[in-house]
Amino acid sequence: TPSVPRKERIKDPKNVMRSVDPAALLMLEKAKEKNLLSAYDRFAAQQPQCAFGYEGICCRICFQGPCRIKSEEGPGSKGICGAHGYTIVSRNVARMMAGGASAHSDHGRHIAHALLHAAEGKIADYKVTDVEKLKRVAERVGISTEGKTANELAIEVSQAALEDFGRQTDEPCTWLWSYITEGRKKKFEDCNIAPTSIDRAVVAMMHQTHIGVDADPVNIIFGGLKTSLADYTGMHISTDLSDVLFGTPKPVITEANLGVLKADKVNIVVHGHNPLLSQTVVNVAKEMEAEAKAAGAAGIQLSGICCTGNEVLMRSGVPIATNFASQELAIMTGAVDVMVVDVQCIMPGVRAISECFHTKIVTTMDNSKIPGSYHYAFDEHHAVESAKGIIRLAIEAFKTRKGKTCEIPQIKNKVIAGFSLEALLELFAALNPETPIKVLTDAIEAGEIAGVALFAGCNNLEAPHDNNHLTIAKELAKNNVFLVGTGCSAQALAKAGLLAPEAVEEYAGEGLKSFLKKLADANKDKLADGLPLMFHMGSCVDNSRAHDLCTMMAEQMGVDIPKVPFVATAPEAMSEKAVSIGGGAVAMGIPTHVGTMPPIEGSSLVYGIATQIASDVYGGYFIFETDPVAAATKLTAALDYRTWKLGIHK
Ligand code: XCC
């Protein structure tokens with residue numbers, strides 16, 4: 001159980017540190033002076049939050065309710081239909097998993113359609129950019145590459161991906177089955193959690209959790225895990241096909257934090273998740289520098305927030321403005337001319353703040369609009385045209401801002417990112433060209449590094465913004481853990497300078513330091529600047545890259561994933577996608593820490609399924625710990641247990 005009891009977890013938010021990001025703190029001060037409200041204030045206004053909802057024992061599945069579990073015995077101990085607390089908690093969590101799977105997978109579907117239409121010649125603004133990746137993916141999913149043009153192959157690959165969304169027969173999803181170990185396949189078949197298609201897994205879960213269907217918490221959670229594996233499938237499709245369309249990331253050097261905004265330039269912030277539009281904006285912006293200059297600007301400054309920011313960071317070196325919690329603060333600088341958003345993690349609050357400035361919020365997707373904002377219906381057939389229209393709107397907005405003062409915190413840090421699995425293996429190949437992954441597993445077997453930790457997930461204002469990410473990362477680095485990251489977690493570390501080589505000297509333990517030094521020396525010709533403390537693997541769908549790393553380690557070590565010294569942490573998780581990713585990681589056999597409490601404390605049975613039964617069945621399990629130092633200790637212990645079981649003595 002978490003070392004901080006529930007009652008002490010949420011202190012009076014007015015009296016606690018709200019962020020550890022100095023740029024965010026500066027903006028919060030300015031917001032206070034000007035009486036501008038943001039998520040930080042709304043979080044405080046929501047306190048105390050409903051304890052029933054917080055613990056997951058509020059059922060809103062039918063409208064006889066809401067029902068709450070109010071007592072241990074008697075009629076108030078159950079919902080009106082007789083649902084026990086454990087049924088209510090498991091239904092709520094499983095529906096969150098289905099929600100997360102829907103979000104990631106719908107994004108993947110969008111990319112698959114774009115690739116298909118590009119390869120069929122129906123859209124002109126996209127093409128197969130990375131033919132080698134296309135071939136690797138095709139071979140992996142069992143499609144012959146022989147004698148096919150890139151477009152022919154792309155049609156087959158995208159059709160196979162789309163099949164994973166709607167298959168009506170009982171074979172497991174191709175993308176899932178093509179990337180996992182034999183041990184995992186057997187486990188998923190034995191437990192009947194292998195999804196046959198993404199859409200079906202989600203629909204089945206919505207049915208299973210309808211009133212009067214499944215009351216068995218184990219069965220419901222296992223159904224939830226099926227949607228988590230559907231989520232994994234959708235994430236992998238998103239990653240693979242985005243690489244095919246836009247290129248597989250390679251190391252890039254850039255910067256992060258609000259200081260990347262430039263008062264004298266047209267500032268366009270891309271925010272959301274889907275690279276179809278953001279990458280086009282980035283590509284087109286280069287051609288439109290002259291128009292920006294003609295309007296009196298020094299040029300166009302692009303930057304990113306959340307995962308669409310990570311996508312363009314990884315492929316084009318676009319700097320990071322900030323991460324989820326502080327998205328409104330970027331607008332408060334007064335420097336953002338256009339914030340263009342697509343789907344997921346866009347706070348509607350950005351619109352209200354933009355009204356106090358000249359900033360235009362531009363929504364672009366049919367399923368993601370914000371009342372009062374500009375809507376440029378994005379359509380792949382006219383992607384370049386849409387991107388140009390948005391950039392012109394930003395130039396117009398710049399003209400209205402010209403001459404006004406901006407309040408940009410001059411805080412930013414150097415970032416080395418762009419570590420797709422391919423890029424990471426290329427680094428290792430400098431030390432072992434035959435079997436690159438062995439560089440990592442050998443270092444673990446020699447006791448030089450303690451294992452690998454994946455940092456993923458969001459910000460959640462239940463914890464001081466970014467604090468859990470940074471504290472856990474520093475603690476694990478000190479304990480010689482090799483760090484990889486995605487999502488807003490990697491952005492938290494980027495803003496704080498932990499994706500810069502200097503951080504290695506400052507925070508890594510001796511073993512990790514010597515490992516990274518060897519790696520850096522061997523790659524000096526390609527990366528003269530050195531290597532970061534954490535390897536940024538991309539957006540949240542790119543957790544698939546980290547899963548592949550773990551699978552490669554398992555295959556190299558000759559064991560299944562439950563024996564691999566690999567842990568995951570979502571230090572400040574908040575979204576349904578985080579629940580889904582977490583469920584998938586656990587099913588894969590990975591000890592998975594969550595630093596902010598999901599709504600499951602209302603049932604000790606469900607809590608036990610997540611933390612203990614999962615471990616017995618899948619080898620992976622959840623560690624819920626809200627204290628970041630204690631969390632790091634638990635993660636290190638999980639790695640140590642695995643290395644000890646492998647007979648590795650440090
Ligand atoms: Fe959203 Fe991916 Fe979470 Fe960040 S990490 S707050 S989900 S952007 Ni995915």
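How many residues of domain 1 are in contact with residues of domain 3?

1. This is a predicted model, in which local features need pLDDT of at least 70, side-chain atom pairs count only at pLDDT 80 or more, and totals for chains, interfaces and linings use all residues. Residues are numbered from 1 along each chain as its sequence is written.

2. The protein chain is assigned domain 1 (85-246), domain 2 (258-401) and domain 3 (413-645); these bounds come from an automatic or database domain assignment. Taken over C-alpha atoms, the centres of domain 1 and domain 3 are 23 Å apart.

3. To take up the opening question, 36 residues of domain 1 are in contact with 33 residues of domain 3 (contact: C-beta atoms, placed from the backbone, within 7 Å). On the domain 1 side, the elements giving two or more residues are helices H5 (85-119), H9 (182-190) and H11 (217-246). Helices (H or I, at least four residues) and strands (E, at least two) are DSSP runs, numbered from the N terminus.

4. UniProt, in an unreviewed entry, places the feature "binding site" at Cys59, Cys62, Cys67 and Cys81. These four span 23 residues in sequence, yet no two of their C-alpha atoms are more than 10.6 Å apart, so they gather at one spot. UniProt positions are given in the numbering used here, feature names are shortened, and annotations may be inferred rather than shown by experiment.

5. Cys59 belongs to strand E1 (residues 58-59) and is buried, with 25 C-beta neighbours inside 10 Å. Cys62 lies in the loop between E1 and strand E2 (67-68) and is partly exposed, with 15 other C-beta atoms within 10 Å. Buried means 20 or more other C-beta atoms within 10 Å of the residue's own, exposed 12 or fewer, and partly exposed in between, with C-beta atoms placed from the backbone.

Key:
Two residues are in contact if their C-beta atoms, placed from the backbone, lie within 7 Å.
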